[in-house]
Amino acid sequence: MPSGTPITIEHLTKRYGAVTAVDDVTFTAMPGRVTGFLGPNGAGKTTTLRVLLGLARATEGTATFGGTAYAALDEPARRVGASLSSDVFHPGRSGRDHLRVLQLATGIERDRVDAVLQRVGMIDAADRRVGGYSLGMRQRLGLAAALLGDPGTLVLDEPINGLDPAGITWIRVFLRELAAEGRTILLSSHVLSEVAQTVDDVVVIARGRIVMAGPLAELSAGTAARVRVDASDRAALAAAITAAGGVVETPSAGALTVTGLDADAVGRAALGARVPLTLLTPISDDLESVFLRLTSDHPDPDARPVNSGEVAA
Amino acid sequence: MRAVTRAIAAELVRVFSLRTWWVLAIVLVAYVGITAGGFAFFVTADTEGGPGPLPAEVAAQLVYSSTTSVALVIPLLFGALAATSEYRWRTLTPTFLAQPRRTVVLVGRLVVAILVGALYGVMGAVTSVAAGAPVLAANGVDTLLGEPEVLGLLARTVLACALWSLLGLGLGALLTSQIAAIVIVLVFTQFIEPILRVVAGAWDWSAELARYLPGAATDSLVGAGIIASVGQLDPTVPGVVEPLTRLEGGLVLATLSVVFVAVAAVTTLRRDID
């Protein structure tokens, strides 16, 4: 079983003339985990990955696989697989021939071509020209190319972009499988919700700088859990909650929003006060709003995000 | 060394998995076939306004040099497309991921450009004989097919095509823009160079310089060529300067190719890939 190498980015800076695309970026992606590299378009994700893979030069800092630069790896394609874009194929060449060229260039065994085509579900389309592929098919072909050397470490730029719902489900399961096999997986995305079910760790980049790095759970930990609750006797309910230690945000109308207590405690407080509830809903501040706040042009930590949970409630 | 062998194998599949190479081959065969057949008729038949029947040695050499007279644009275009296609379709990304040592990729590509250029040379040589010899024979002119001079000329045709493919590769690697490469290749070979060579004959100094133009150098290398023969056919064309020797002609082409490739290797090839 191929084991992954940690991906280590240290104080990486990449400048294009006066423009700083990547500014002192530091993070690590660990083996056996899926790390989501998140940020809006133009935040510096792709540039970071290109430097990591030796396609662009760092202005300062390093990006390595366990301390070794991509180009210095012994047989890099067997250690690291990468898919950087879905439009890096000649439209006149078949998917199989595209993989054949890479297989020959890397010296990987020939039977791996069919094996990876099989694994990404592209064996039937393999002999058609790439020009006739859908975006989802090209994503799969890129993934097949990355898996050619059965590498322990995978670097995937926007692998979910352009997939249909079935394809998204497929790639989520597929990436979890690969991580469970002990591989290091670093994948980028500009939509957190696309990868929230897939990643263990997140690294959020905005305007070239890392704004947050850590386990996915940490991303939502900063926001207090809230509960939405209602009863026909709102005043009694509010009194009961306050007595139990909760804080009731006073709404102008409608249901109450409670912080400081979870749904269970709010329910018990109402029961104790014999107030029949007409509504009890925990509200988790959804990740996408946290993500948007982190990456927006004018981050304002006090701004309350528009909450899709509330709309649903 | 193993990496280079792999790079060559990968480049061969890269070339032969596309339609480009055989579309160019068809154009080459058609172009050379029509030129060789037409020229064989023109230089042997006693037509009015024509040069009249030429001696067999001159006629045969002109006919068999059709490839380098009219079709060098094909290997040149092939080399230029091979280099620029990677930029056009952004396939340099997977290429350099598979082999991060860019020089290895370049060496593989050079070898394959030479091989495919030579293949075009063989196709051109065979076509010029197949289309030209029967016409010569029909008009009662010796085809001279067994002659070492003719065989040598055909072999040098193959060499010339290989060098022009290399030239195209260097030009393409240097320009990186596919559109620019195609336009320059076509405009230079089809208009600028032929015009320059004819006009340059007006003065001694320009005629001397014109010998170093790639097409002229190729005629010297091969030993015959339609434009090169204009002076010999028509004594009223002034300023026939002694052409370069075969070796000099070959060296001019090889040097030009090497310079292009070397400049590309230290400039465009080292850039960031996007």
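Buried means under 20% relative accessible area, exposed means over 50%, and partly exposed lies in between (1.4 Å probe, protein chains only). By that scale A:Trp170, at 22% relative accessibility, counts as partly exposed. A:Phe174, at 4%, counts as buried.

This is a predicted model, in which local features need pLDDT of at least 70 and side-chain atom pairs count only at pLDDT 80 or more, while totals for chains, interfaces and linings use all residues. Residues are numbered from 1 along each chain as its sequence is written, chains are lettered from A and ligands numbered from 1 in the order written, and side-chain values use heavy atoms, leaving out hydrogens and water.

Turn to the aromatic rings. Rings of Phe, Tyr and Trp (its six-membered ring) pair if their centres lie within 6.5 Å; planes under 30 degrees apart are stacked, over 60 edge-to-face, and the rest tilted. The whole structure holds 7 such pairs over all chains. A:Trp170 and A:Phe174 are stacked, because their centres are 5.0 Å apart and their planes lie at 15°. Both residues belong to helix H6 (residues 165–180) of chain A, 4 residues apart, so about one helical turn separates them. Helices here are DSSP runs (H or I, at least four residues), as are strands (E, at least two), numbered from the N terminus.

In chain B, B:Phe78 and B:Tyr120 pair edge-to-face, with 5.8 Å centre to centre and 70° between the planes. B:Phe78 lies in helix H5 (residues 73–88) and B:Tyr120 in helix H7 (residues 102–138), so the pair ties together parts 42 residues apart in sequence.

The charged end of A:Arg140 sits over its ring, 4.2 Å from the centre. The rule asks for NZ of Lys or CZ of Arg within 6 Å of the ring centre and within 35 degrees of the ring normal. In chain B, the charged end of B:Arg88 sits over the ring of B:Trp89, 4.0 Å from its centre.

Now the interface. Contact (heavy atoms within 4.5 Å) takes in 32 residues from chain A and 24 from chain B. The two chains bury about 2600 Å² between them, 57% of it on carbon and sulfur atoms. Buried area is the accessible area (1.4 Å probe) that two parts lose on being put together, summed over both. Salt bridges pair a side-chain nitrogen of Lys or Arg with a carboxyl oxygen of Asp or Glu within 4 Å. Chains A and B share 3 salt bridges. One of them joins A:Lys14 and B:Asp272, the closest N and O atoms being 2.6 Å apart.
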